[in-house]
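Please consider the following structure and the questions raised about it.

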Amino acid sequence: MNVDAVVLDIDGVLVDVADSYRRAIVESIERVYDRTIRKDDIQQFKDAGGFNNDWELTNAAALYVLAAGEGYDESIDGFTDGIAANGGGLEAAETVVRENIGARATQRVTDRWDRDRLRDVFQQLYLGAELYRGLEGDEPDLETRGFIHDEPVLLETETRDALLAGYDVGVVTGRPAAEAEIALERVGLEDEIPPIHRFTMDDWEEGKPHPKALTTLADRFDAETVVFVGDTLDDVRTATNASEADPGREYHGVGVLTGGLTGEAGRRKYEAEDATAVLESINAIPAWLEERYH
């Protein structure tokens with residue numbers, strides 16, 4: 001059966017965000033609390049699931065830092081394992097803290113846990129002062145250039161043209177709409193993928209790995225077979241969940257090794273989630289599609 005539609009994540013697929021979003025997570029916590037996690041620790045949260053939104057990942061990592069100051073003695077591995085065991089996401093992180101340090105210590109942590117300030121610092125660091133003024137509609141208190149300008153393009157022109165020529169192409173991303181537009185413009189897809197074929201943070205509450213965005217795009221494309229290309233385990237889980245929610249169509253989750261999951265260790269994690277394929281980058285997708293489905 002031929003593939004009708006190819007749906008793309010943005011971060012780690014179309015652009016490299018190691019020195020933008022991931023740097024913003026680490027440095028936001030550092031600026032607010034004078035302590036932080038390592039950039040490599042971010043992947044532990046991603047793997048635990050439920051952190052498609054990097055603001056929520058920042059909040060969870062800050063929660064870990066604050067809880068450690070109140071006697072929580074588990075490693076990041078232990079913390080994120082606990083998050084995964086409780087279903088993933090920020091609420092699960094709160095549950096892990098509450099169950100391990102008690103009510104009084106948890107209250108002290110909560111009193112210092114300033115999610116609004118963390119988000120604001122994150123946006124200032126990521127967007128830079130000029131874009132922050134335009135997109136957030138406020139005056140920054142940090143004069144920064146913006147990590148958004150440090151996102152190397154991963155999608156090659158030849159790959160972009162091959163996908164657009166052969167398939168309906170959509171986007172499902174955890175980015176806010178305005179930030180998604182900036183990335184899509186940078187890779188030459190902003191005019192090629194209309195808003196009706198995009199799902200951003202602003203378009204759905206559930207977030208990945210909920211299948212709603214993927215199944216809705218399949219409907220809009222009138223597709224029988226959809227490939228979803230992402231850089232996290234939750235991306236693969238989104239395709240799996242779409243298959244269960246919409247059994248009349250085929251959904252295939254493909255993981256790329258250009259995000260936080262890299263090398264053989266990344267490949268094994270994708271395979272453990274039953275990814276249809278694990279490829280070196282988005283630029284291997286056209287040849288893989290041609291070989292497998294034609």
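This is a predicted model: local features need pLDDT of at least 70, side-chain atom pairs count only at pLDDT 80 or more; totals for chains, interfaces and linings use all residues.

Residues are numbered from 1 along each chain as its sequence is written, and side-chain values use heavy atoms, with hydrogens and water left out.

Reader: In what order do the six strands form the open sheet?
Author: Strands are DSSP runs of E with at least two residues, numbered from the N terminus, and two of them pair if DSSP finds at least two bridges between them. The edge strands, each pairing on one side only, are strand 3 (198-199) and strand 6 (277-279). The pairing is parallel, and the order is 3-2-1-4-5-6.

Reader: How many bridges join strand 4 to strand 5?
Author: Gly230 has Gly255 of strand 5 as its bridge partner, and Val226 stands opposite Tyr251. Strand 4 (residues 225-230) and strand 5 (residues 250-256) run parallel, and the bridges joining them number six.

Reader: Which residue of strand 4 stands opposite Val7?
Author: Strand 1 (residues 5-8) runs parallel to strand 4, with four bridges joining the two. Opposite Val7 stands Phe228.

Reader: How many residues of strand 4 are buried?
Author: Buried means under 20% relative accessible area, computed with a 1.4 Å probe and protein chains only. Thr225, Val227 and Val229 point one way, Val226, Phe228 and Gly230 the other, and all are buried. Strand 4 is therefore largely enclosed by the rest of the structure, the buried count being six of the six.

Technical notes:
Buried means under 20% relative accessible area, exposed over 50%, partly exposed in between (1.4 Å probe, protein chains only).
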